[in-house]
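Student: I am new to this structure. Please take me through how to read a few of its features.

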Amino acid sequence: IPLAGYAYQWAAKLRNPNYGWFPGWFALVGWLTGTAGVAYAFANYFAPYYNIGTSKGIILTTTIVVILVWAVINCIGIKISSYINNASVVAELIGITLIGVGLLIWALATGHAQPTSIIFHSGGTASASLSAFAISALMGAYTLTGYEGAADLAEEALNPKRSVPRAIIVAELISSVVGFFVILGFILAIPNLKAAQASSVPLLYIMQAHLSPIMVKVAMVMVFLAIFACGLINLAAVTRLGFSMARDDMLPSSKTLRSVNAKTSSPWSIIIISSVISVLFTLWAKAELLITSVSSVAVFLAYGMVIWAGLTSKIQTSPKGAFSLGKYYRPISYAALVWIVAIIAALTLPKINHNAGYGSLVVIFLGVVWYYAHVKNLSKDKR
């Protein structure tokens with residue numbers, strides 16, 4: 001089991017490096033745009049809350065500053081990143097969960113705020129169409145793309161053959177179950193639906209309506225810490241993927257990109273380049289929805305290609321002591337492929353998501369061009 005650059009390495013080992021280039025490329029783009037998306041989300045809440053400003057220019061500037069801070073921390077080393085990430089996990093599980101579940105209990109017990117029908121009816125704000133489903137599905141789809149970060153950082157984990165798959169599964173279970181009730185609590189506790197829809201920071205609006213100022217400040221610190229840590233680890237993951245591909249000379253200037261700082265043991269070159277690309281993409285997209293949509297589509301393309309590589313590979317056994325789905329592997333894999341096709345369609349075909357579709361076509365085109373210009377002609381000894 002390769003322990004770095006999951007999408008590229010897994011597909012390359014299961015099939016061949018030429019095949020591995022494409023899921024590696026899609027995942028690389030997904031992580032780079034995803035890092036920009038997380039930074040944009042952070043800025044969109046952080047700047048207004050601390051009265052820095054609400055203009056597009058202020059949000060973009062804050063986004064860029066956050067990405068650069070992540071770059072500096074990652075250049076220092078992975079240990080400080082892990083400390084921040086661990087603190088954010090504790091903050092989310094304890095703080096945000098208590099607030100969301102508390103709001104849910106309050107709403108159900110008192111009968112105040114929104115009726116439960118708000119979950120099933122649009123209230124005239126949107127039609128129950130494929131477009132509405134695609135937009136609402138984006139949050140779940142985008143969240144899912146963060147879990148394989150554990151695979152990208154597996155070289156720096158203990159007993160990764162068992163710990164990484166289990167970490168992904170446990171994280172998904174906790175996020176889906178706990179996250180559902182937290183979101184449900186916030187929805188039912190909306191004091192005024194039109195005011196919440198008009199707010200650029202609806203979650204903050206809901207908390208301010210029900211919590212004391214001190215509790216709101218504490219909650220927002222936890223929110224900012226969680227989003228900040230998410231982007232920090234995103235950048236760490238994409239740099240490990242890029243480093244892995246550069247080791248096999250798959251990327252432009254691979255010799256430079258695979259450089260490692262002797263003192264901090266961090267791949268500083270790929271960290272800097274990845275940060276610059278994320279900044280440039282932010283300046284080009286200038287919209288969180290477009291950023292996150294392109295990121296999700298690219299990563300799900302990588303998922304599908306890795307799963308297909310596993311299904312069609314001659315290697316059909318797991319290393320001793322490794323996690324295994326056993327007899328459920330093939331049916332789960334086929335079901336996953338069907339789901340991936342459906343989610344990519346939902347994220348690209350509706351009219352409101354056409355820009356994400358066009359952006360994804362550009363990503364595919366660039367990947368094909370570089371494949372024929374460089375990857376296809378690489379000799380085996382360079383890999």
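Tutor: We begin with burial: a residue is buried under 20% relative accessible area, exposed over 50%, and partly exposed in between (1.4 Å probe, protein chains only). This is a predicted model, in which local features need pLDDT of at least 70 and side-chain atom pairs count only at pLDDT 80 or more, while totals for chains, interfaces and linings use all residues. Residues are numbered from 1 along each chain as its sequence is written, and side-chain values use heavy atoms, with hydrogens and water left out.

Student: Which class does C75 fall in?

Tutor: C75 has a relative accessible area of 22%, so C75 is partly exposed. C230, at 37%, is also partly exposed.

Student: How many disulfides are there?

Tutor: A disulfide is a pair of cysteine sulfur atoms within 2.5 Å. By this rule the count is zero.

Student: Where is the kink in α7 centred?

Tutor: A bend at a residue is the angle between axes fitted to the seven residues ending there and the seven starting there. In α7 the kink is about 25 degrees and is centred on G179. Buried residues of α7 include P160, V164 and I168, and also V182 and F186.

Student: What lines the second largest pocket?

Tutor: On a 1 Å grid over the protein atoms alone, a pocket is an open set of points with protein on both sides within 12 Å along at least five of seven lines, and lining residues have an atom within 4 Å of a point. Here 42 residues line the second largest pocket, with W10, V306, I307, L325 and Y329 nearest its centre. The largest share, eight residues, comes from α7.

Student: What should I look for in phi?

Tutor: Most residues other than glycine have a negative phi. D249 has a positive phi, near 60 degrees, and S253 has one of about 55 degrees. D249 is found in the loop between α10 (213–247) and α11 (254–257), and S253 is also found in the loop between α10 and α11.

Student: Is D249 buried or exposed?

Tutor: D249 counts as buried because its relative accessibility is 17%. S253, at 55%, counts as exposed.

Methods
1 Å grid on protein atoms, 1.4 Å probe; cavity = no way out; pocket = protein on both sides within 12 Å on 5 of 7 lines; lining within 4 Å. Helix = DSSP H or I, 4+ residues; strand = E, 2+ residues; numbered from the N terminus.
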